[in-house]
Amino acid sequence: MAYWLFKSETTTWSWDQQVAKGEAGEEWDGVRNYQARNFMREMKRGDQGFFYHSQKDREIVGLVEVIAEAHPDSTTDDPRWECVDIKALRAMPKPVYLDQIKVREDLSDMVLVKNSRLSVQPVTEQQWRIICDMGGL
């Protein structure tokens, strides 16, 4: 299993909206960055990810699971763009803020710290465990 981080502005798509989709989940559509798209092409069913509120809040608020592998993005006719489908697994008992992540030496290599603008990014197993622990899981 691989681990990922999915970023969204709360005004565009929030954790509450993701949770409301239930088992059916939702396409992680609208990504127009080649690197982020390529990461989605690597994802497999069952991979897990952090759901991150970007912009104002800058916090990891929940865990998601990939339920459909890369397929054409339904929000465009351009065949270059693909997306995966994800469903909410559970909320973090306590949010993990970007400021908390940035001060940790053991998370200094995290893509979120080095390239905070990338909307879909990999997370190592060690980073996954540390952040889950920080969030009370």
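Which strands each supply at least two residues of the lining of the largest pocket? Strand 1 (3-9), strand 2 (26-27) and strand 3 (48-54) do so, where strands (E, at least two residues) and helices (H or I, at least four) are DSSP runs numbered from the N terminus.

Before starting, note that this is a predicted model, in which local features need pLDDT of at least 70, side-chain atom pairs count only at pLDDT 80 or more, and totals for chains, interfaces and linings use all residues. Residues are numbered from 1 along each chain as its sequence is written, and side-chain values use heavy atoms, with hydrogens and water left out.

**Stop 1: the largest pocket**

Select K7, S8, E9, S54 and S119, which lie nearest the centre of the largest pocket among its 23 lining residues. A pocket is here an open set of points on a 1 Å grid over the protein atoms alone, where a 1.4 Å probe fits, with protein on both sides within 12 Å along at least five of seven lines; lining residues have an atom within 4 Å of a point. The space in this pocket is about 650 Å³, a volume being the space filled by probe spheres set on grid points that are joined across faces, edges and corners.

Next, colour the lining by class: 6 residues are nonpolar, 9 polar and 8 charged. Ala, Val, Leu, Ile, Met, Phe, Trp, Tyr, Cys and Pro count as nonpolar, Asp, Glu, Lys and Arg as charged, and the others, Gly among them, as polar. Strand 1 gives the largest share of the lining, 3 residues.

**Stop 2: F6 in strand 1**

Stay on strand 1 and select F6. F6 is buried, with a relative accessible area of 0%; buried means under 20%, exposed over 50%, and partly exposed in between (1.4 Å probe, protein chains only).

**Stop 3: E27 in strand 2**

Move to E27, in strand 2. What is the nearest side chain of opposite charge to buried E27, which has no salt bridge? It is R32, 8.5 Å away. For charge, Lys and Arg count as positive and Asp and Glu as negative, while His and the chain ends are not counted. A salt bridge requires a side-chain nitrogen of Lys or Arg within 4 Å of a carboxyl oxygen of Asp or Glu. Now show S74, whose side chain makes a polar contact of 2.6 Å with that of E27. Such a contact is a pair of N or O atoms within 3.5 Å; within protein, one must be able to donate a hydrogen and the other to accept it, and residues adjacent in sequence count only if both atoms are side-chain atoms.

**Stop 4: salt bridges**

The whole structure holds 8 salt bridges, and three of them follow.

Select R32 again, together with D73: their closest N and O atoms are 3.0 Å apart in a salt bridge. R32 lies in the loop between strand 2 and helix 2 (34-42) and D73 in the loop between strand 4 (59-72) and strand 5, so the pair ties together parts that are 41 residues apart in sequence. R32 is partly exposed at 37% relative accessibility, whereas D73 is buried at 2%.

Then select K87 and E23, a salt bridge with its closest N and O atoms 2.8 Å apart. Because K87 lies in strand 5 (residues 82-97) and E23 in the loop between helix 1 (15-20) and strand 2, this pair ties together parts that are 64 residues apart in sequence. K87 is buried, with a relative accessible area of 12%, while E23 is exposed, at 63%.

Finally, show D106 and R104, whose salt bridge has its closest N and O atoms 2.7 Å apart. D106 is partly exposed at 34%, and R104 is partly exposed at 30%.

**Stop 5: the loop between strand 3 and strand 4**

Select Q55, found in this loop. Q55 is partly exposed, with a relative accessible area of 49%, and its phi is near 65°, a positive value in a residue other than glycine. R58 belongs to the loop between strand 3 and strand 4; although not a glycine, R58 has a positive phi of about 50°. R58 is partly exposed, at 44%.
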